[in-house]
Amino acid sequence: MSAITLEGVEKWFGEAQVIKGIDLEVEPGEFVVFVGPSGCGKSTLLRMIGGLEEISRGRLLIDGRDATAEPPSKRGLTMVFQSYALYPHMTVAENMGFSLKTAGAPRDEIGRKVAAAAEVLKLEPLLERQPKDLSGGQRQRVAIGRSIVRDPTAFLFDEPLSNLDAALRVEMRYEIAKLHQRLQKAMIYVTHDQVEAMTLADRIVVLDAGRIAQVGTPRELYERPADRFVAQFIGSPK
Ligand code: ADP
Ligand code: MG
């Protein structure tokens, strides 16, 4: 069974249709990257999967159940954004455990899950620090740590690295690849950066004005782009 299935998904903002009928299946453990130019609908599509935007038409299935109208908190997904708003008055450990605490999880369970996530992300030495005493990359790791503790079905990333400088972006890209290897969870990752797409993806979905221009492995897209638009985007010679 697919982790996430989109069936004829459309999005209208008033009269404007920005997502024009998307069919897609994301398998458990698969790393899928959405690429495409600014304004093509990447964030809107991701936000519909996460439940931050309503789906105007079509269906969303998560682990096989119809989640089209489910509230975000019930979907078992987690979103990581570029602006990682941490709670400034809480420590790293408290930030990471906060969603479990509000869900009523017992203290020892929170402690265990935070410790496990901190180990994966190498945050153990930083658990008692406050966000103001962290670097950009460390803050982004804490933001990812907050998602891991909830053991989601899938991770949704919307350009999580675009606020970081080039060197840190390379480092975090590697961290995310390792995280995926380790957790083996479905991940949907939005970027406009071809290098990120080519290095992270099992499959790339190229979006063009609300439609899928092509879906394939990085290699398929590079070697056999469906058209000039895809070729330009992927940087292949067509
Ligand atoms: P991307 O993430 O690929 O840059 P978006 O999904 O943010 O693109 O936007 C897709 C289109 O939908 C754009 O034309 C954008 O202006 C429009 N759009 C996004 N959010 C809204 C909104 N809340 N109301 C109206 N139009 C929107
Ligand atoms: Mg966007």
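This is a predicted model: local features need pLDDT of at least 70, side-chain atom pairs count only at pLDDT 80 or more; totals for chains, interfaces and linings use all residues.
Residues are numbered from 1 along each chain as its sequence is written, with chains lettered from A and ligands numbered from 1 in the order in which they are written.

Going through this sheet, strand β1 (residues 4-13) runs antiparallel to β4, joined by 5 bridges; threonine 5 has leucine 61 of β4 as its bridge partner. Leucine 61 also stands opposite aspartate 66 in β5. Strand β4 (residues 57-62) pairs with β5 in the antiparallel sense over 2 bridges, and here isoleucine 62 is partnered by arginine 65 of β5. The two strands β4 and β5 form a hairpin with 2 residues between them, and aspartate 63 in the turn has a positive phi of about 50 degrees.

Parallel pairing turns up around strand β7. Strand β6 (residues 77-81) pairs with β7 in the parallel sense over 5 bridges, with leucine 77 opposite alanine 154 in β7. On to strand β8 (residues 186-190): β7 pairs with β8 in the parallel sense too, over 5 bridges, and aspartate 158 has valine 190 of β8 as its bridge partner. Strand β7 (residues 154-158) is mostly covered, with 5 of its 5 residues buried (20 or more other C-beta atoms within 10 Å of a residue's own; exposed means 12 or fewer, partly exposed in between, with C-beta atoms placed from the backbone). Both faces of β7 are covered, with Ala154, Leu156 and Asp158 on one side and Phe155 and Phe157 on the other.

Next comes helix α3 (residues 107-120). In α3, Ile110, Val114, Ala117 and Ala118 are buried. Seen down the axis of α3, its buried residues fall within an arc of 100 degrees, so they line one face of the helix; the arc is that of the directions from the helix axis to the C-beta atoms. These buried residues of α3 pack against α2 (92-102) and α4 (136-148), contact being C-beta atoms, placed from the backbone, within 7 Å. Exposed Asp108, Glu109 and Glu119 sit on the face of α3 turned away from its buried side. Just after α3, lysine 122 takes a positive phi of about 55 degrees.

Finally, the ligand. Around ligand 1 are Phe13, Val18, Gly36, Ser38, Gly39, Cys40, Gly41, Lys42, Ser43 and Thr44, each with its C-beta atom, placed from the backbone, within 6 Å. Helix α1 (residues 42-50) gives the largest share of this shell, 3 residues. By class, the shell has 3 nonpolar, 6 polar and 1 charged residues (Ala, Val, Leu, Ile, Met, Phe, Trp, Tyr, Cys and Pro count as nonpolar, Asp, Glu, Lys and Arg as charged, and the others, Gly among them, as polar).

Definitions and conventions:
Helices (H or I, at least four residues) and strands (E, at least two) are DSSP runs, numbered from the N terminus. Two residues are in contact if their C-beta atoms, placed from the backbone, lie within 7 Å. Two strands pair if DSSP finds at least two bridges between them.
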